[in-house]
Amino acid sequence: MEDNKYNPDNTNEVDNRTNSYDQANDRLTFMTDLEKVQANLEKYGYTEQFRVEKGKLVGIQSKKKFGTKDVKAVNFYRFEGISDPDDMSILYAIETCDGFKGTLTDAYGRYSDDETSDFMKQVEVEKKTEGMQP
């Protein structure tokens, strides 16, 4: 068996890595900031913007209100500030029980909004891979 720098003690019998990669392993690497991701999501119908008020998710344009059981986070994206690592945010792609699709943005970490964080802790998160990639 030949030496393998990734498996020097040969603990795995088969190593299927080719050691030659010509593409990124993350299809979303071109989306480096929140605005680019949000623009991409809008192409797929995630046009409503949400906020959390008094324990409900509220559509900013539609004024519709949803409880935690009425929504699902189908994806989320975390961002870190270029000049300040404490400048972190998270963008959720949300789908509601009646077909609305939109986004919810929050700070991430110690600056997060408690009400938004508490709400999202109760929301089902199921990453959707179809219909969100260019």
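**Core and pocket in a predicted model**

Student: Which residues touch the most other members of the largest nonpolar core in this predicted model?

Tutor: That core has 13 residues, and those touching the most other members are Leu 57, Val 71, Tyr 92, Ile 94, Leu 104, Phe 119 and Met 120. Two or more residues each come from strand 1 (48–53), strand 4 (71–80), strand 5 (88–96) and helix 2 (114–121). Strand 5 supplies the largest share, three residues.

Student: Why is this set called a nonpolar core?

Tutor: The name requires buried residues of listed types, Leu, Val, Tyr, Ile, Phe and Met among them, joined through side-chain atoms within 4.5 Å. Buried here means under 20% relative accessible area. Leu 57 and Phe 119 are members of the core, and therefore they meet these conditions.

Student: What makes Leu 104 a contact of Met 120?

Tutor: Contact is defined by heavy atoms within 4.5 Å. Leu 104 is in contact with Met 120, and also with residues including Phe 50, Leu 57, Tyr 92, Ile 94 and Thr 116, leaving aside neighbours within four places in sequence.

Student: Which residues of the second largest pocket's lining lie nearest its centre?

Tutor: They are Ile 90, Tyr 92, Tyr 108, Ser 117 and Met 120, out of 13 lining residues. The pocket's volume is about 190 Å³. Helix 2 gives the largest share of the lining, four residues.

How values were computed: Residues numbered from 1 in each chain as written. Predicted model: local features only at pLDDT ≥ 70, side-chain atom pairs only at ≥ 80, totals over all residues. Heavy atoms only, no water. Buried < 20%, exposed > 50% of the residue type's maximum accessible area, 1.4 Å probe, protein only. 1 Å grid on protein atoms, 1.4 Å probe; cavity = no way out; pocket = protein on both sides within 12 Å on 5 of 7 lines; lining within 4 Å. Points joined across faces, edges and corners; volume = space filled by probe spheres on them.
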